[in-house]
Amino acid sequence: MTIRPSAAIRQNYNEIADICRKTEEPVFLTKNGEGDLVVMDIETFNRREAMLKLREELLAVEEDRLVGRGGCTPDELEAYLDDIIAGA
């Protein structure tokens, strides 16, 4: 985890951007010693968003399964997940 003061984004934008790209992790910015903002490169953001969407979809499927709603075959699920992974 990388933590920097908020002034660093104004003074060292390129350094912060490089850290985000190299680590593929968010950088936490503080203001007056308190957490204030989180920044990350766009590729990491998009990857995280895709993962969250996939988790939400899997949770919905699991909830349906638990209450007895119809599902799909393992082959259909595998094809569906392959499509999602290919798009991420």
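Q: What covers the buried residues of helix 2?
A: The cover includes strand 1 (2-5), helix 1 (7-11), strand 2 (27-31) and strand 3 (34-39). Cover here rests on contacts, meaning heavy atoms within 4.5 Å. Helices (H or I, at least four residues) and strands (E, at least two) are DSSP runs, numbered from the N terminus.

Q: Before we go on, what kind of model is it, and what are the ground rules?
A: This is a predicted model, where local features need pLDDT of at least 70, side-chain atom pairs count only at pLDDT 80 or more, and totals for chains, interfaces and linings use all residues. Residues are numbered from 1 along each chain as its sequence is written, and side-chain values use heavy atoms, with hydrogens and water left out.

Q: Back to helix 2. Which of its residues are buried?
A: I16, A17, I19 and C20, in a helix that runs over residues 13-23. They cover an arc of only 155 degrees around the axis, so they sit on the same side of helix 2. That arc is the one made by the directions from the helix axis to the C-beta atoms. Buried means under 20% relative accessible area, exposed means over 50%, and partly exposed is in between (1.4 Å probe, protein chains only).

Q: And which residues are exposed on the other side?
A: N14, R21 and K22.

Q: Which loop holds N32?
A: The one between strand 2 and strand 3. N32 has a positive phi of about 55 degrees and is not a glycine either. N32 is exposed, at 77% relative accessible area.

Q: Switching to T30. Where is it, and is it buried or exposed?
A: T30 lies in strand 2. It counts as buried, at 18% relative accessibility.

Q: What does T30 touch, leaving aside neighbours within four places in sequence?
A: T30 is in contact with I3, R4, P5, S6, G35 and D36.

Q: Zoom out. How many helices and strands are there?
A: Four helices and three strands in the protein chain. Along the sequence the pattern reads β-α-α-β-β-α-α.

Q: Why call the chain more spread out than a compact globule?
A: Because its radius of gyration is 19 Å, well over the 12 Å that the globule rule gives for 88 residues. The radius is taken over C-alpha atoms, and the rule is 2.2 Å times the number of residues to the power 0.38.

Q: What box do the C-alpha atoms fill?
A: Roughly 55 × 25 × 15 Å, taken along the principal axes.

Q: What share of the residues is buried?
A: 16% of the 88 residues count as buried.

Q: How many charges, and how far apart are their mean positions?
A: There are 11 positive and 19 negative charges, with mean positions 9 Å apart. Lys and Arg count as positive and Asp and Glu as negative, while His and the chain ends are not counted. Each charge is placed at NZ of Lys, CZ of Arg, CG of Asp or CD of Glu.

Q: Now the loop between helix 3 and helix 4. What's there?
A: C72 is one of its residues, with helix 3 spanning 42-66 and helix 4 spanning 74-87. C72 counts as partly exposed, at 46% relative accessibility. G70 lies in that loop too. G70 counts as exposed, at 72%.

Q: Last one, E63. Where does it sit?
A: In helix 3. E63 is partly exposed, with a relative accessible area of 45%. The C-alpha atoms of E63 and E25 are separated by 31 Å, and the two are 38 residues apart along the chain.
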